[in-house]
Amino acid sequence: MHHADFPDLSTERLRLRTLRADDAPDLLALYADPEVMRHWIHPPWTALAQAQAAINEAGRDLASGAALHLAIIAGPGDRLAGSCALYDIAHEHRRATLGYLLAETYWGQGLAREALGLLLGHGFATLGLERIEAEVTPHNLASQSVLARLGFRREGRLHARWRVGGATRDVDLWALLRQGWAA
Ligand SMILES: CC(C)(COP(=O)(O)OP(=O)(O)OC[C@H]1O[C@@H](n2cnc3c(N)ncnc32)[C@H](O)[C@@H]1OP(=O)(O)O)[C@@H](O)C(=O)NCCC(=O)NCCS
């Protein structure tokens with residue numbers, strides 16, 4: 001299950017590529033937007049150094065196989081529309097966790113479902129995963145809708161799973177097994 005040589009994953013509208021050092025300003029803009037981060041498990045970022053650290057960590061994780069963090073590029077140019085990831089990759093259990101976000105201007109066009117379709121296909125077919133999980137707050141209806149359409153099932157609620165800004169946050173655990181993956 002190697003993914004150091006990341007393949008070209010694209011549809012007519014978008015493509016996925018690995019993150020680069022010069023993505024830091026775009027990544028910060030994404031993670032600093034309070035609307036985008038409303039349901040996230042940490043507060044919005046405030047400094048470019050946070051984006052730079054995340055990109056450095058993504059590079060290390062790509063090399064070790066621990067995670068695959070990707071830029072979502074939509075339309076012409078090479079700027080980030082969003083990002084998506086398979087992280088906490090547990091090779092021995094053939095399991096990983098899915099994460100994703102889009103800049104607000106790209107919401108409501110079905111882009112997340114399309115990007116995640118590519119990433120899930122890569123996870124099941126190329127990385128050999130059997131199970132992909134996602135943690136979603138109960139109020140995040142758009143995210144739940146994306147997961148449900150991709151075939152994920154809600155397995156249960158994890159109470160007080162995270163602390164964000166001094167308050168506890170519940171999440172629902174969703175999962176998709178390889179046999180539930182249609183593509
Ligand atoms: C979650 C997210 C990636 C969805 O991306 P998207 O490309 O806009 O998703 P879609 O266009 O496919 O819309 C998803 C569905 O949610 C619905 N929806 C969108 N916003 C909604 C809202 N506020 N309330 C209810 N439903 C909503 C859409 O109508 C669509 O419904 P459909 O599946 O029946 O067509 C995007 O909203 C986002 O980046 N949110 C912030 C980050 C985040 O929460 N990430 C997920 C963490 S688990």
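The legends below describe close-up views of a predicted model. Local features are reported at pLDDT of at least 70 and side-chain atom pairs at pLDDT 80 or more, whereas totals for chains, interfaces and linings use all residues. Residues are numbered from 1 along each chain as its sequence is written, and side-chain values use heavy atoms, without hydrogens and water.

**View 1. Strand order in the open sheet.** Eight strands form an open sheet with mixed pairing, in the order β1-β2-β3-β4-β5-β6-β8-β7. Strands are DSSP runs of E with at least two residues, helices are runs of H or I with at least four, and both are numbered from the N terminus. Two strands pair if DSSP finds at least two bridges between them. The edges are β1 (9-10) and β7 (153-164); each has a single partner strand, so one side of each lacks a neighbour in the sheet.

View 2. β1 and strand β2 (residues 14-18) run antiparallel and are joined by two bridges. L9 has L16 in β2 as its bridge partner. R15 also lies in β2, and its relative accessibility of 30% is why R15 counts as partly exposed (buried is under 20% relative accessible area, exposed over 50%, partly exposed in between, with a 1.4 Å probe and protein chains only). Leaving aside residues up to four places away in sequence, R15 touches L9, S10, A71, I72, I73, G77 and D78; contact means heavy atoms within 4.5 Å.

**View 3. The β7-β8 hairpin.** Eight bridges pair β7 with β8 in the antiparallel sense. One of the bridged residues is R157, whose partner in β8 is D172. The two strands form a hairpin with two residues between them, and G165 in the turn has a positive phi of about 55°.

**View 4. Packing of α3 on α4.** Helix α3 (residues 111-126) packs against helix α4 (residues 141-150) at an angle of about 45°, with the axes 10 Å apart. Axes are lines fitted to C-alpha atoms, for helices over the stretch in contact, and angles run from 0 to 180 degrees between N-to-C directions. A112, R113, L116, G117 and L120 in α3 meet V146, R149 and L150 in α4. By class, this contact has five nonpolar, one polar and two charged residues.

**View 5. α3 over the sheet.** α3 lies across several strands, among them β3 (68-74), β4 (80-90) and β5 (95-102), and runs at about 50° to β2.

Key:
Ala, Val, Leu, Ile, Met, Phe, Trp, Tyr, Cys and Pro count as nonpolar, Asp, Glu, Lys and Arg as charged, and the others, Gly among them, as polar.
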